[in-house]
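Here is a short briefing on one protein model. Look over the sequence and the structure first, then read on.

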Amino acid sequence: MWWTVAGVVVLCIFAYLCIFHWNLIRSLWLTDKSAVAYGIYSTLTEMIFCHCWFLVRSIFMGQRRRRILTEQIKQRFLKILNKDDADQENNVVVTHSCRTIFYCIIESLLQRKQDRIKIGCCSMQFGSFYTLLRSLQMDESRNVHIDFYEIDLNASDCSLDTASVDEQQVSDCDLIICQHFFGVPLSQTVLFELGKKYDIPVLEDCVQSGSLFGQYKGHQQADVCIWSCGLDKTPSCFGGGLGYFANSKHGQQLLSAVNGALDTFAVERLGHRAVALLNQTIHLVMARNHFSVNAVVATFFYFKWYKAHGKIKWYDASLKMRKNKSITPFQHQASLFLSKPSIAQLYSIRYGLNKNYSHIILNEITKRKLFLDNIPKRYHTVLFPWLNDKALKAYEENRGVGEFSWVFSADGDRIALNDYLCDHYIITMINTTWVHHQDSKLTPNHSKFLCENLTYLPNLNEMNHRQIVSCAKVLTAYCQHKKY
């Protein structure tokens, strides 16, 4: 019988793996493959029956629907921001991606300043920050020059080093960017005040401030506040950017420039939206380990890259999947994100904005406490230097949603930390969210050291009680092993 032959073949393969690749079998069996770095606040069912349905539905919709959807999104966005006055709708832009707004703002300043600008910002920025700016400087048809005045982070608690701020340097800037980290608002009032003092536009990137659904809704002195609707963000829309432009001189100037640029963009093709949804579905399936896909991928990677090491390097496999250009969940190509959102994407943004995330917020508060309670307090500053009492209070008050859960390798050996966690069956991933400026003149550069030693832990919101306690115990054992 054919099933007898098939059974024998399977047994032979299993016996071969047990004899010659026991560590592979052991790792596949003991590793929690459903606890990964991604915090994706959606489900496969929602992807298929909502977002993919929006794609099909949009085929039969005319452009009048675009105007209606955009108005509804703006109204809902303003209501979340507690700015739901009738005359505020014109202050909002809805874009294909958060980087669309950033790109348009930089372009408008370059045009105004003859392709030479200076940006004042923290020395740690979001992953594509320098890549986007470098792409503008590499345009051979122009002579673009972008200079930076960088402000470092404090080594002790990752707060902004306000004592080092050089007012003269700030006054020479054409744009100030205020950035938030680790899912909680970062105190940087001095930059907002200097922006107003020297009449410099201030762009506030609120993506990592604890989500749009936290208590923090942007600084009152910001000229522009932006939020993302990407794969692992809240609102969970699988793509999109939202910007609020204040009724200030610079806010309205930048709004006019961004709207002018958006008017020149073509509407995203449905095919591009379909590919984007497919790529994000792949990452969603891996985040949830549907169909045991992580075991299949890890086995393939083992035989292709890790066989000589005798074990699966889960953290490296995770990084390879996240950075794979063919299935990237993020739109880095200007030709893609410099477009108007399709009707299908507008449906998804409207849907994501109207979801209820309160249970996720409450879970995160409970799970963070459980996690930290199971790690001796003396190790908190070693593993999570940003989690001091002041920051924990800010988390409690903001009641936001974190995109990732992080750990820091204080000794500068991030690979050793990842190997230790991998050997104890925890899936981690090397940091790709935060980057430092390769040509930075800062000495010492604490942000550089931080960027190079951050690791994504399994997302707290995706772990259950047992997994959280287990992860905490492994990190405690790691600290004891290192004699911290």
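Which residues does His 380 touch, not counting residues up to four places away in sequence? The contacts are Leu 372, Ile 375 and Pro 385, where contact means heavy atoms within 4.5 Å. This is a predicted model, so local features need pLDDT of at least 70 and side-chain atom pairs count only at pLDDT 80 or more, while totals for chains, interfaces and linings use all residues. Residues are numbered from 1 along each chain as its sequence is written, and side-chain values use heavy atoms, with hydrogens and water left out.

**His 380**
- His 380 lies in helix H16 (residues 380–383). Helices (H or I, at least four residues) and strands (E, at least two) are DSSP runs, numbered from the N terminus.
- His 380 counts as buried because its relative accessibility is 11%. Buried means under 20% relative accessible area, exposed over 50%, and partly exposed in between (1.4 Å probe, protein chains only).
- Its side chain reaches the backbone oxygen of Leu 372 at 3.1 Å.

**Helix pairs**
- H3 (residues 44–58) packs against H14 (residues 343–353) at an angle of about 140°, and their axes are 7 Å apart. Axes are lines fitted to C-alpha atoms, for helices over the stretch in contact, and angles run from 0 to 180 degrees between N-to-C directions.
- That makes H3 oblique to H14. Angles under 35 degrees count as roughly parallel, over 145 as roughly antiparallel, 65 to 115 as roughly perpendicular and the rest as oblique.
- The crossing of H3 and H14 is right-handed. A crossing is right-handed if the near helix is turned clockwise from the far one by less than a right angle, and left-handed if anticlockwise.
- On the H3 side, the meeting residues include Cys 50, Phe 54 and Leu 55. On the H14 side, they include Ile 343, Tyr 347 and Tyr 351.
- H15 (residues 358–373) packs against H20 at an angle of about 35°, with axes 8 Å apart. This crossing of H15 and H20 is also right-handed.
- Lys 367, Leu 370 and Phe 371 are the H15 residues that meet H20. Their H20 counterparts include Ile 468, Ala 472 and Leu 475.

**Helix H18 and its cover**
- H18 (residues 414–423) is largely enclosed by the rest of the structure, because 7 of its 10 residues are buried.
- Among the buried residues are Arg 414, Asp 419 and Tyr 420.
- The cover over them includes helices H12 (314–323), H19 (446–451) and H20 (465–482). It also includes strands S9, S10 and S12.
- Just after H18, Tyr 425 takes a positive phi of about 70°.

**Strands**
- An open sheet of 3 strands runs in the order S9-S12-S10, with antiparallel pairing. Its edge strands are S9 (405–408) and S10 (429–430), each pairing on one side only.
- S9 pairs with S12 (residues 454–457) over 4 bridges. Two strands pair if DSSP finds at least two bridges between them.
- Ser 405 stands opposite Leu 457 in S12.
- S5 (residues 175–179) and S6 run parallel, joined by 4 bridges. Cys 178 has Glu 204 in S6 as its bridge partner.
- In S6 (residues 202–205), Val 202 and Glu 204 point one way, Leu 203 and Asp 205 the other way, and all are buried.
- S4 (residues 145–151) is largely enclosed by the rest of the structure, because 5 of its 7 residues are buried.
- S2 (residues 116–122) runs parallel to S4, and 7 bridges join them. Arg 116 has His 145 in S4 as its bridge partner.

Key. A polar contact is a pair of N or O atoms within 3.5 Å; within protein, one must be able to donate a hydrogen and the other to accept it, and residues adjacent in sequence count only if both atoms are side-chain atoms.
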